[in-house]
Amino acid sequence: MIRNICVLALTAILAGPAVAQSVSTFQKTLPISQYKPTLADAWQLEEITDGSVPAEIVIDTRDKAPNGLTDGRIAVPAKKKDIAKAWYSEPTTRYRHGVLGDAIEAGTLVVETPKGQRLRYRLPKTDVFEDITPRLVDLDRDGTTEVVTIVSNRSLGASIAVFGIVNNLLSVKAQSSYIGRSNRWLNIAGIARFTGRPNLEIAIVEKPHLAGLLKFYRYTTGQLQNSRETAGFSNHQIGSRELRLSSVALVDNDSRPDLIVPSSDRRQLLMVTIAGGTLKLLSRVDMPAAIDKAISVEGSKKSLVITIGLEDGRIFKLSR
C-alpha cells in the first residue's frame, strides 16, 4: 500500500496537469466607503469584560498537520466523500515574503481518502502554499470534494488554486491568475452560495494590506470566474498568523449567506451581500480600535450575534 501511494504521489508531481485559466468578466464598482447601508437595523455594541470569551475569540481545535507548519491544521470536510482530510506539508523557506509572520511556507499539499490512501501534490520550487490550512468544499455540487488553497509564485505573487482527485491523482482543477507581482498576497474571506446559485462562490480580499479588493470567484467547468471587484476591505493584519478575520452568516432576511469582513483600516465591520448579482452594503459598524482576531458568529438574521476582538485587547459583542 505504501509503495503504491508513493508511486501515485510521484506521478501527480510529474504529470503537471493542464490548468484552466481564470475568467475575468468582473464589474469594477465604487469603493465600499461610498456605499450606503441598506439595512435600517440598529446594532448594539457591548464590551465583554467578564472573561467569558477567550482572548483569541475562536480557538482552532483541529489536529495539527504532520510534518507541516508550526500552526498548520488538518482540514476535515462536513461530509467525507472522496477526501477525508487535507493539510500542508514540507515547510520551506524558498519564498521570503513573510506576510504571515515568518518566511516559512509549505511546499506540498496532502490529502487522505476515506480508505486511508494519501495523495500528494508537490509545488515547483518557484511556488509555495502561502497559507495555514486548506479548505475542503464541494464547489460545484457534483459530489466530489475540492481543496481551495492559496498558492504564491516568487515572481508573480498569490493566486487561488483549486485541487481535487482526478483519476486517482491529486491534481490542479482550476487556478486564478497570479496577482502579477512578487510579495503580493490574497486571503480567503469565505466560501458559500452568496448569489443563491447551486455552485459556491469563493470570496477573497486581494492585497488586504494595500488595495483591499473584495472579489468573488465561481468555480464552473474547470474555471474560476471572477464577477466583481470592490475596494476598501481587509481581512488580515500584516505579520499575523490569524487568517480568519471574516465570517459568513445570514444577516438579512433573504436566506442567502452574507459576508462579514472588516474595512481596509479594520476599524469598521462591514456586512455585504451579492444576492441578485449586485454587491450591496447591508450594515457598517464603527469599532473603537482595529479588528485583529478571528470573527465569531452565532445565530442568524435577527438573532445574529457577532463576537469581535480588537488589537487593544478588548472584546465586543455585536447584536441587534
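# Accessibility, salt bridges and loops in a predicted model

Me: As what does Arg193 count at 32% relative accessibility?
Reply: This is a predicted model, in which local features need pLDDT of at least 70 and side-chain atom pairs count only at pLDDT 80 or more, while totals for chains, interfaces and linings use all residues. Residues are numbered from 1 along each chain as its sequence is written, and side-chain values use heavy atoms, with hydrogens and water left out. Buried means under 20% relative accessible area, exposed over 50%, and partly exposed in between, with a 1.4 Å probe and protein chains only. Because its relative accessibility is 32%, Arg193 counts as partly exposed.

Me: Where is Arg193 placed?
Reply: Strands are DSSP runs of E with at least two residues, as helices are runs of H or I with at least four, and they are numbered from the N terminus. On this assignment, β11 covers 186-192 and β12 covers 201-206. The place of Arg193 is in the loop between β11 and β12.

Me: Which residues form a positive surface patch?
Reply: A patch takes residues with over 30% relative accessible area and no salt bridge, joining like charges within 9 Å and nonpolar side chains (Val, Leu, Ile, Met, Phe, Trp, Tyr) within 5 Å. Lys and Arg count as positive and Asp and Glu as negative, with His and the chain ends not counted. The positive surface patch is formed by Lys79, Arg141, Arg193 and Arg256.

Me: How many salt bridges does the structure hold?
Reply: A salt bridge is a side-chain nitrogen of Lys or Arg within 4 Å of a carboxyl oxygen of Asp or Glu. The number of salt bridges held by the structure is 17.

Me: How many residues apart are Asp41 and Arg320?
Reply: The side chains of Asp41 and Arg320 meet in a salt bridge with an N to O distance of 2.8 Å. This pair links distant parts of the chain, with Asp41 in the loop between β1 (23-28) and β2 (44-47) and Arg320 in the segment after β21 (315-319). Their separation is 279 residues.

Me: Which parts does the pair of Asp71 and Arg241 tie together?
Reply: The side chains of Asp71 and Arg241 meet in a salt bridge, with 2.7 Å from N to O. The two residues lie in separate loops, so the pair ties together parts that are 170 residues apart in sequence, namely the loop between β2 and β3 (85-92) for Asp71 and, for Arg241, the loop between β14 (223-231) and β15 (247-249).

Me: Are Lys215 and Glu206 buried or exposed?
Reply: Lys215 forms a salt bridge with Glu206, in which the closest N and O atoms are 3.0 Å apart. As for their accessibility, both Lys215 and Glu206 are buried.

Me: Which side chain is joined to that of Glu242 by a polar contact of 2.8 Å?
Reply: Glu242 lies in the loop between β14 and β15, where Ser240 is also placed, and a polar atom of the Ser240 side chain lies 3.0 Å from the backbone nitrogen of Glu242. A polar contact is a pair of N or O atoms within 3.5 Å; within protein, one must be able to donate a hydrogen and the other to accept it, and residues adjacent in sequence count only if both atoms are side-chain atoms. Glu242 is buried because its relative accessible area is 17%. The side chain joined to that of Glu242 by the 2.8 Å contact belongs to Arg244.

Me: What is the phi of Arg266?
Reply: Most residues other than glycine have a negative phi. Arg266, found in the loop between β16 (258-262) and β17 (268-273), counts as buried because its relative accessibility is 12%. Although Arg266 is not a glycine, its phi is positive, at about 60 degrees.

Me: What separates the C-alpha atoms of Ile165 and Val147?
Reply: The place of Ile165 is in strand β9, residues 157-166. Ile165 and Val147 are 18 residues apart along the chain, and the distance between their C-alpha atoms is 9.3 Å.

Definitions and conventions: Areas by Shrake-Rupley, 256 points an atom, 1.4 Å probe, with all protein chains shown as cover. Charge placed at Lys NZ, Arg CZ, Asp CG, Glu CD.
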